[in-house]
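Q: Please take a close look at one chain of this model. I would like to know how it is put together, what it touches, and what lies on the other side of that contact.

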Amino acid sequence: MRFPWEAYYRSGLISRRQFLKLSAMIGSTAAVGASAASFARPEPAAAALAAPAKQVLRYPDQEPLHFDPATMEARPEILIGMALFDPLITFDGNGNIIPLAARSWSVSADGLTYTFHLRPGMQWSDGHPVTASDYEYSWKRVLDPAVASDYASAFYPIKGALDYNKGKTKTADNVAVKAVNTLTLQATMAAPAAYFPRLVSTWNFMPVPRWQVEKYDKKWVEAGNHVGNGMFKLQSWEHDKELTIVANPRYWGPKPTLQKVVFTLTDDPFRTSLPAYENNELDVTDQIQPADIVRVRGDATLGKQTHKYRWSGTAMMFCDTTNTKSPLSNPKVRQALYLATDHTRIASQVLRGIYDPALTITPPGTIGYLANPPLTGGVAHARQLLSEAGYPDGKGFPGFKISWPKLVTFDLVAQALQQMWQDTLKINVTLQRMEAKEFQAAFNSYATQPYEAYINRWGSDYEDPANWANILFDSEQDFFHTKWRNAAYDTAVRAGSAEGNAAKRKQLYESAEKILNTELPAIPIFHLGVIIAIKPWVQGFALPPAAAAWYGTFGRVKILDH
Amino acid sequence: MGAYLARRLLLAVPTMVIVYTLAFLLVHATPGGPWDNAEKPLAPQVIANLKAKYHLDAPLWTQYVLYLDNAVHGSLGPSYVNTSQDVSEIIAEFFPVSMQLGAAAMLFAIAVGIPLGTLAAVYRNTPVDYAAMGAVVLGISIPNYVMATLLVTVFAVALHWVPTGGWRGLLDIRVLIPMVAIGFRPATILARYLRTSLLEVLHQDYIRTARAKGLAGSRVILRHGLRNALTPVATVSGILVADVITGSFFVETITRVPGIGRYFVTATTGRDYPVLLALALLFALIIITMNILVDLSYAALDPQVRYG
């Protein structure tokens, strides 16, 4: 129970005695006792676990769209969804496979066929047995053109998947996923794909309960209809208000200490979660924004409760490398811009230490990451390269335009880059911020992009170069529309994606990364990260570095007595 | 009266069609579509599947007719963003919350605005009047989302008197901050109108007569003054009601109220065409209804007005 005069007490306007007297006059003695006790001991002295009924975590989230693994795509769904379903396997922080619903797995000698052996005796949250056919049905469902899943392309490595999703084949019969028996699932690739286990650990490969999907159609995701096979199950969901998940008693694995997570749903948790946390309505905040970070760090209480986590990803300035009217088509200009960028200053001052400087493109934690960038020499070398490119001291430099989808951090970075390059290279660039959808429409138009460069970021779905080099910079993909082509790079990353030998694979991707960071179709700026505040009584909570690693995040949490 | 009402209702039909047409054109002319996804650009085949599923591959005029036809038959279509819900479900779920909050805010506005305006008029050109009119200037110049932020910072974060947000119905303490934030501006507008009209009334001959007959000052003001001064205020209230219900976008976001205003914002940034069109139609309907009610209230409040 809270009393309005508690704040007066805290700020010293009234004494403790007066506070208790006031409280006793109005509240019941029991309430005062509880309240006074919590004042006497703001930090939990003894790390005793709270009683099961108090094992509740209050967590902020955006209104999730739904928890259908086939079409989940964004963080609000993924962080809850991965508590509601079990993938076949997952990965630990060191890249080792951890078996979940599959107790073991194997790959054929030609690297094409993966066989997963499910644990016997697993049940869905409604008591149905979990079988290999559930996975077969679910994976084929993602590819159904009628389901129109955003993430259908994640299944394209499987033989026959692309043809079915494109509508070339009318039925899913030719998609090479098969339940050999109740507990054995087999998937055959179109070509060797060493990263397939990583894909399988992502949310789209989690199973759906066919009987509920067929009975309730798109309403199967609502509380009451929703059935999962994860550590938690969906208990209630009041849209845009509150969502509750509770420990699933039918879960095959170890039972979590945490019994319940209550998600407060808002459409802007970035801004609303910090005040709610300060008012003790939440146990954890969402990402603390650059505008708040200085106050939070300086605050006696909040400062001690903040934690910084790595988020696997990189913000970059992407350049149109083929537009001959733009100076950015010259690699030397891109290299000069890269070397003239003070990454440390951007990360620590402009972005106030929320993010880390990115000297290379692939982020730490992913194979191919280079601790030492291939290009060095700083501003002096930058000036020399610019001169070699035909613009000594910035003379005659035609300038270029940088755009970005509206985002506070990009606003700050763009202005800082403009200033830095003006100071060191004496060149001018123009800036144009765009509304997110407007930017994306311009980006998607491909041929008519109204800018020569843009700032954007990529965050890993899973920590593997298949989620970086192969889908982003391979010239057949050209994901970021830089139109950059490099045959040596393509050869290396394609060989890497099929390579089963870990050491060889690492070497291939590192050689590719060297090419990428020398040619610089994209200039790396900062690696992503998150700073949040966590109440001292929450133990074991840590934000994972990539979306697929959300599995088990809530299962590790314990609430201490407070 | 009946004929007048029928004529106004008939006129509402072309108004709605114009609103629909403009909304349709604006929504489709705005750059970026529902699947121009900022985080993860989609594979071309995936976009093709989505467009086919929602008829976005059909020519624009077909889409125009298709949506209108469905809307007239009561189907507002599926949400493109919140794919598990239909637009009519979204409205049924979130609109009542906005209505309740709007009603609370309007009650607050009346409860504060009427006494404030009355005091300002009665104590004209005294510190009371200046204080009241000062509050009016504040109310008119502070946008309601700034007000909401201030209230949250002071009363929730600093003083811990109320939670920072959420919604548990009208009888819960959480209603206070959004209610005051949304209701403050209408309160000051009402006060301003009432002050002007009450001042005018207080100079009328019948007030002088009442005073001459020896009625107490408070009785003169409440029974004779206020009663006559409220007619123009009632008119303004009607328009303010529409304002309060449809204009709470950002307050709902800041105070975590699951109302329809919030949905308008998310639907706009998400280019959720069916939701945007449905909400444009809904808001137009509210404003048209309130305007008709206001015009009808003239007849009820002022015996000199007759509709034939």
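A: In chain B, 74% of the contacts between residues at least 6 apart in sequence join residues at least 24 apart. Two residues are in contact here if their C-beta atoms, placed from the backbone, lie within 7 Å. This is a predicted model, in which local features need pLDDT of at least 70 and side-chain atom pairs count only at pLDDT 80 or more, while totals for chains, interfaces and linings use all residues. Residues are numbered from 1 along each chain as its sequence is written, and chains are lettered from A and ligands numbered from 1 in the order in which they are written.

Chain B has twelve helices and zero strands. Helices (H or I, at least four residues) and strands (E, at least two) are DSSP runs, numbered from the N terminus. The C-alpha trace of chain B spans about 85 × 60 × 30 Å along its principal axes. Of its 308 residues, 38% are buried. Buried means that 20 or more other C-beta atoms lie within 10 Å of the residue's own, exposed means 12 or fewer, and partly exposed is in between, with C-beta atoms placed from the backbone. The mean pLDDT of chain B is 86, and 98% of the residues score at least 70; pLDDT is the predictor's confidence in each residue, from 0 to 100. For the model, ipTM is 0.74 and pTM is 0.81.

Chain B meets chain A through 41 of its residues, which are in contact with 40 residues of chain A. On the chain B side, at least two residues each come from helix H2 (44-53), helix H4 (87-122), helix H6 (144-158), helix H10 (249-254) and helix H11 (260-270). H2(B) gives the largest share of that side, with five residues. Sorted by class, the side has 19 nonpolar, 14 polar and eight charged residues. Ala, Val, Leu, Ile, Met, Phe, Trp, Tyr, Cys and Pro count as nonpolar, Asp, Glu, Lys and Arg as charged, and the others, Gly among them, as polar.

The loop between H2 and helix H3 (60-72) of chain B holds His55(B). This residue is not a glycine, yet its phi is positive, near 60°. His55(B) has 12 C-beta neighbours inside 10 Å and therefore counts as exposed. Most residues other than glycine have a negative phi.

Across the contact, H6 and H10 of chain B pack against the buried residues of helix H9 (residues 269-278) of chain A, together with E1, E10, helix H10 (290-298) and strand E16 (522-533) of chain A. Eight of the ten residues of H9(A) are buried, including Leu274(A), Pro275(A) and Tyr277(A). Just after H9(A), Asn280(A) takes a positive phi of about 55°.

Helix H4 (residues 75-84) of chain A is another covered element. Eight of the ten residues of H4(A) are buried, so this helix is largely enclosed by the rest of the structure. Its cover includes strand E1 (56-62), strand E8 (232-238), strand E9 (242-247) and strand E10 (260-266) of chain A.

The largest nonpolar core has 95 residues, and those with the most contacts inside it are Met82(A), Ala83(A), Leu84(A), Leu88(A), Leu118(A) and Phe155(A). H4(A) supplies the largest share of this core, six residues. Apart from it lies another core of 64 residues, with Tyr67(B), Phe108(B), Trp167(B) and Val257(B) among them. A nonpolar core is a set of buried Ala, Val, Leu, Ile, Met, Phe, Trp, Tyr and Cys residues joined through C-beta atoms within 7 Å.

E16 also belongs to an open sheet of six strands in chain A, in the order E12-E16-E11-E15-E13-E14, with mixed pairing. Strand E12 (356-357) and E14 of chain A are the edge strands, each pairing on one side only. Two strands pair if DSSP finds at least two bridges between them.

As for confidence, chain A has a mean pLDDT of 89, with 91% of its residues at 70 or more. Residues 1-45 of chain A have pLDDT below 50, and this stretch has 37 contacts beyond near neighbours in sequence in the model. Where pLDDT is low, the predicted coordinates should not be read in detail.
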